Amino acid sequence: MTNSPLTPGIVPGRLPAAAYCQNFADHEPPLDAHEARVAADRCYFCHDAPCITACPTSIDIPLFIRQIGTGTPEAAAKTIWSQNILGGICARVCPTETLCEEACVREAAEGKPVEIGRLQRFATDVAMAKGLHPFTRAAATGKRIAVVGAGPAGLACAHRLAMHGHDVVVFERRPKAGGLNEYGIASYKATGGFAQREVDWLLQIGGIEIRTGVELGRDLTLDQLASDFDAVFLGIGLAGVNALRATGEDLSGVRNAVDFIAELRQAADVATLPIGRDVVVIGGGMTAVDAAVQSKLLGAENVTIVYRRGQEKMSASGYEQDHAAQAGVRIIHNAAPVRVLGNGSAEAVEFAYTSDGPTGLTLSSETFILKADQVFKAIGQTLTGAPETLPVAGGKLAGASGKVWVGGDCAAGGEDLTVTAVAEGRDAAEAMHIQLMAL
């Protein structure tokens, strides 16, 4: 090992090889069959289960847990997939602590919910390992639908359309399908190439063609798609990144957190990725936490998240914030970047203390400086590449228009979560099917 956490600058190989294997292993190992039965036994099987209401895809959670408890995880998996075809990845990345598990009656009574996420992973993993795909295509309808974006929304939409007998062509600008599941989540949340395995499994339904390296606006237009296909679904995500609007953000060493995470996700050997000694991540969401934790796991000596508002306003869940703290990440609240300091490359960031009042965020005249040779911007993503003919509300696509439907992070009205994107893609497919069959 030529470098260490104390090596100045942005360098690779800060840790021994064994440390990388340990750091980027599955951070929450799967349940075995006995553990799953024990965990399932804690469910009350509520008649009007609040966990179902709390799930954006409305999975019948008590039913699938009962099926696990009776020794039929394959049936449990079908129950999950009938509502959420990407139930495997959602079991790994969903903030269950603020969704189904927060609503769990056990959580209210005992402060310890049923482990719904881990049970969902158990069921889907068992069924996928057996090669089960419990869905078949209906008779061919002769209809062709274009899906733009092979992320969670686009894949969920394509699968449901294929089930109804439609032919689907998915256009994806990146080299691989999967969207944020493949490029945008922490590596330790979906190990062993799971995101791609789930895509391959989903495509077993048939009737879906994926064309990668094709970008809307560059290689094809919405008018072309509307002309060539019977309907179009846009699940293009949020490809842009907000600017810091701080002096010096163009210095070397300052980059977007989403690009860093994508690079890490695609790396054949994470030890080859360069990381700074002193890393500062600016933002308060899941992307900020994922970038910060993985910086620490790559061997950075000091990693700090700085968020402009109070802890209660961070969009990263309390569980994720605690996970970051346990990984050795420091979190500073109520501070906003004023400028990045350095001569050609980042050396430090100056922050101003903030107060969040009725009139909005106010910067104090009092500032402080954090040493930083690497700075990650994680302050939100923006809609880019949207066709000008579609209505936009609040910086997102406003909804369906004629032959065009939208869903996922690019669509207005929903949370930017994988499970929400799946629900929107699935529901759009059902609405498209009804409209197409009525013609």
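A salt bridge here is a side-chain nitrogen of Lys or Arg within 4 Å of a carboxyl oxygen of Asp or Glu. By that rule, the structure holds 25 salt bridges. You are looking at a predicted model, where local features need pLDDT of at least 70, side-chain atom pairs count only at pLDDT 80 or more, and totals for chains, interfaces and linings use all residues. Residues are numbered from 1 along each chain as its sequence is written, and side-chain values use heavy atoms, with hydrogens and water left out.

**Stop 1: a salt bridge in a helix**

Select Arg 106 and Glu 110, a salt-bridged pair whose closest N and O atoms are 2.4 Å apart. They are separated by about one helical turn, because they lie 4 residues apart in helix α8 (residues 105-110). Helices (H or I, at least four residues) and strands (E, at least two) are DSSP runs, numbered from the N terminus.

**Stop 2: α5 against α9**

Next, select residues 73-81 (helix α5) and 116-129 (helix α9), which pack at an angle of about 110° with axes 8 Å apart. This makes α5 roughly perpendicular to α9, a label given to angles of 65 to 115 degrees. Axes are lines fitted to C-alpha atoms, for helices over the stretch in contact, and angles run from 0 to 180 degrees between N-to-C directions. Show side chains and look for Ile 80 and Trp 81 of α5, among the residues that meet α9 residues including Phe 122 and Met 128; contact means heavy atoms within 4.5 Å. Ala, Val, Leu, Ile, Met, Phe, Trp, Tyr, Cys and Pro count as nonpolar, Asp, Glu, Lys and Arg as charged, and the others, Gly among them, as polar.

**Stop 3: α10 against α17**

Now pick residues 152-163 (α10) and 418-438 (α17): their angle is about 35°, and their axes are 7 Å apart. Among the contact residues are Cys 157 and Arg 160 on α10, and Gly 425 and Arg 426 on α17. The class count for α10 with α17 is 9 nonpolar, 2 polar and 3 charged residues.

**Stop 4: a three-stranded sheet**

Finally, turn to an open sheet with strand order β10-β11-β12 and antiparallel pairing. Strands pair if DSSP finds at least two bridges between them. At the edges, β10 (335-341) and β12 (360-371) each pair on one side only. Neighbouring strands are turned by 25° against each other on average, direction ignored. Which residue of β12 is the bridge partner of Ala 352? Select Thr 367 to see that partner. Strand β11 (residues 348-357) is joined to β12 by 9 bridges.

Methods: Angles under 35 degrees count as roughly parallel, over 145 as roughly antiparallel, 65 to 115 as roughly perpendicular and the rest as oblique.
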